[in-house]
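Hello,

Here is the structure for you to look over. My notes follow below it.

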Amino acid sequence: MAIKLVALLDGTLVDPAQPIVRADDQGVVRGDGVFDALLAVDGVVRDLDPHLDRLARSATLLDLPTPDDAGYRRAVDAIVAAWDWAADPEVVLRLIQTRGPEGAEHPNGWVMAAPLDAASRRQRVDGVRVLLLDRGFEGSEIAPLPWLLPGAKSLSYGINMAAKRYAVANGADDVIFYARAASCSRGRRPASCSTSTASSSPRRSTASSAPSPSRNCWPRRPTRASPSGSRNSSATISPAAAAPGSCPADGSWPA
């Protein structure tokens, strides 16, 4: 996904090729930071408030300073104003906050934007082929262990990206991590059925129960792929028509 615009929290647009973090930024050297991703279509940003809320919750879990809500809104507005909507009508916005260099008084934050990639558009029509991979632990085991950051969207995505590469190498698009209790969670984006996908774009799929259609455009009757008896297996999650008002008119998947 090629980044076309980057905006700082004061609303300044910068060249994506221009460095904006120090080499010793803790987000770079340790993955010590948080992010969130959302979709904008034809100049309209989807669900900015809840995404900013989730960014703030993730920051709290990492003991980061509270994100600059007004600053992120300025950055988003700057990108929306500068974007060529005729050329690329759907945009993925990523809100980033890192801890900054060790000992720094303030965190580092910015928003970057890229056109929605062709693979995500294709998967809306063809569905998502996923591998079910054993996560190796139960969600209930880590829930009381805050140092494992349950529920945080952190920049520590090494495992998720390795799972994504494994999926692609084995003929799939993504993975769903499952716990032996047969629940679903999310993996680069990791969802929670207690199974997880490895991806983080504004697209979701799951092999088990779907959330309320009033908030999310997920398949109404998704394929169920049972992990029992196998350490990993595959399934194709196909998009399905949702009830009127339950999904964006263009069928896009919210982040």
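Helices (H or I, at least four residues) and strands (E, at least two) are DSSP runs, numbered from the N terminus.

This is a predicted model: local features need pLDDT of at least 70, side-chain atom pairs count only at pLDDT 80 or more, and totals for chains, interfaces and linings use all residues. Residues are numbered from 1 along each chain as its sequence is written, and side-chain values use heavy atoms, leaving out hydrogens and water.

The sheet: 6 strands form an open, antiparallel arrangement in the order β2-β1-β6-β5-β3-β4. Strands pair if DSSP finds at least two bridges between them. β2 and β4 are the edge strands, each pairing on one side only. α2 packs on the sheet and touches β3, β4 and β5; contact means heavy atoms within 4.5 Å.

β5 (residues 90-98) pairs with β3 (residues 33-41) over 9 bridges. With β6 (residues 108-115) β5 has 8. 9 of the 9 residues of β5 are buried, so the strand is largely enclosed by the rest of the structure. Buried means under 20% relative accessible area (1.4 Å probe, protein chains only). Both faces are covered: Arg 94 is among the buried residues on one side, Leu 93 among those on the other.

Then α3 (residues 69-82). Its buried residues include Gly 71, Tyr 72 and Ala 75. The buried residues of α3 pack against β1, β2, β4, α2, β5 and β6.

Best wishes

Definitions and conventions
Buried < 20%, exposed > 50% of the residue type's maximum accessible area, 1.4 Å probe, protein only. Axes fitted to C-alpha atoms, helices over the stretch in contact; angles between N-to-C directions.
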